Amino acid sequence: MKSFASDNYSGIHPEIFKAIQRANNLHEISYGDDTFTAEANQLFEKEFGKVTVLYTFNGTGANVTCLKCCTLPFQAVVCSEFAHILADECGAPTQSIGCSLLPLKTADGKLTPEMIKPLLGRIGNVHNTQPRVISISQSTELGTVYSIAELKALCDFAHANGMYVHLDGARISNAVAALGVSMKAATVDCGVDIMSFGGTKNGLMMGEAVLIFNEELKTNAPYFHKQIAQLFSKNRFIATQFTALLTDNLWLRMATHANQMAQLLAKEVNGLPGVKINRSVDANAVFVIIPEKVIQPLRAQYPFYEWDAETHEQRWMCSFDTTEEEVIGFVKALRELL
Ligand SMILES: Cc1ncc(COP(=O)(O)O)c(C=O)c1O
C-alpha cells in the first residue's frame, strides 16, 4: 500500500532494524541499566546537553509521563484545542494524573502568551484548577511549526507565571529540520522544561524518549515512569533504535526528506481546480480541501484521513520513506479524478 495517511503507516528504517539486531543475541542487564541504553543516553546528551532520558513504548505514554512529572491532581495543563493530549489520547492524561486540561482555540494549532493570559486569573483561586503546564506540540497537529521567537516567548511567559513548558515532540525532528537550527537551540535553549522526543513517526519500530531538562522535575520521574507502565524490561531494544536515529543525523536526514516530500506535494497540487491548500505547509503535513466527489476514489488508491468532515479538509502526511514517484503518482491520480 502507498499512503499519505500517517507517518506511522510507514515501516522501519533499515538502520533502525540493524540496531535492533545488534542488541540481540546476548544477555544484558534489564530495565535500562544496560550498555545500549547508556550509549543512547550519551548521544542524547551530545544533542541536548545535560538531560535525563526515560524511554517509552509510545507517544501517549511519553506525554502522560511528562505531564505526571509536572502536575498535581488539582493542577491543569493548558493546551490547544487540537492537542493530541486532548483529542487523541482517550483521556489518558486526565485519567492517569487526575489533572485537567484547559484547551484554547487556535487558528493554526499554536498557543501564544496572549491566549493564555486570561487563565492567569485562576491562579490562587481555590475554586479553579490551577494552570501549571503549558503543553505545545512541535510540529503541531495542524502541520505548523513554532518559530524560535514564539517558543522563547511562551517559555518566558510560562516561567514568569509559575508554569512549566511541556513539548509534545512526536514530530520534533520534522520541526527542527524545518527551522534549520540544532535540536538544543529549538528546545532546551528556548526554555522547554520537559519533552517527548518522537521516534515512531520517524523510522523507529516503536519508541519515544522523555527528555527532562528542568532539575526540579527529575527526582520523581523514574517512579512515575514505572507506575505509568512505560518502563520496558528489555529497554535496550528501544534505546538502541535511538542510537541509530541519533547517529550521523539520521533523524535529520529522514525528517528533511519527509518535509521535502510535503513541499513537493503542495507545489504539485497548488492551483488544481477545486483544490485549496488550507494551512501553512511547515513540516511533513499538507492540509487541503478537495472536491467531495474525488475523496473516496482517491482514497481507494492512496489512503489518507479526512481532517474535517464538514469542510472536507484532508490531511496528507509524508513519511521518511515517501518517494518522489509516490507523490507524482498520487497527484496524477488526483488530476485524473478532477
Ligand atoms: C502530536 C502527537 N503526539 C503524540 C502522538 C503519539 O501517539 P501514540 O501514543 O499513538 O504513539 C501522536 C501520534 O499520532 C501525535 O500526532
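User: Where is the place of Tyr31?

Analyst: Helices (H or I, at least four residues) and strands (E, at least two) are DSSP runs, numbered from the N terminus. Tyr31 sits in the loop between helix 1 (14-22) and helix 2 (35-48). Before we go on, residues are numbered from 1 along each chain as its sequence is written. Also, this is a predicted model, where local features need pLDDT of at least 70, side-chain atom pairs count only at pLDDT 80 or more, and totals for chains, interfaces and linings use all residues.

User: Is Tyr31 buried, exposed or partly exposed, and why?

Analyst: A residue is buried if 20 or more other C-beta atoms lie within 10 Å of its own, exposed if 12 or fewer, and partly exposed in between, with C-beta atoms placed from the backbone. Tyr31 has 14 other C-beta atoms within 10 Å, so it is partly exposed. Its phi is positive, about 60°, although Tyr31 is not a glycine.

User: What is the phi of Asp248, and where does that residue lie?

Analyst: Asp248 is not a glycine, yet its phi is positive at about 50°. Asp248 lies in the loop between helix 10 (236-246) and helix 11. It counts as exposed because it has 10 C-beta neighbours inside 10 Å.

User: How do I read a sheet, and in what order do the 4 strands of the open sheet come?

Analyst: Start with pairing: two strands pair if DSSP finds at least two bridges between them. Here, the order is 8-9-11-10, and the pairing is antiparallel. Strand 8 (276-277) and strand 10 (305-308) are the edge strands, each pairing on one side only.

User: How many bridges join strand 9 to strand 11?

Analyst: Strand 9 (residues 285-289) and strand 11 (residues 313-317) are joined by 5 bridges.

User: How many residues lie between strand 10 and strand 11 in their hairpin?

Analyst: There are 4 residues between them, and His312 in that turn has a positive phi of about 60°.

User: Which residues surround the ligand?

Analyst: The general idea is that a residue is near a molecule or strand if its C-beta atom, placed from the backbone, lies within 6 Å of it. Here the ligand is surrounded by Asn58, Gly59, Thr60, His84, Ser137, Glu141, Asp168, Ala170 and Thr200.
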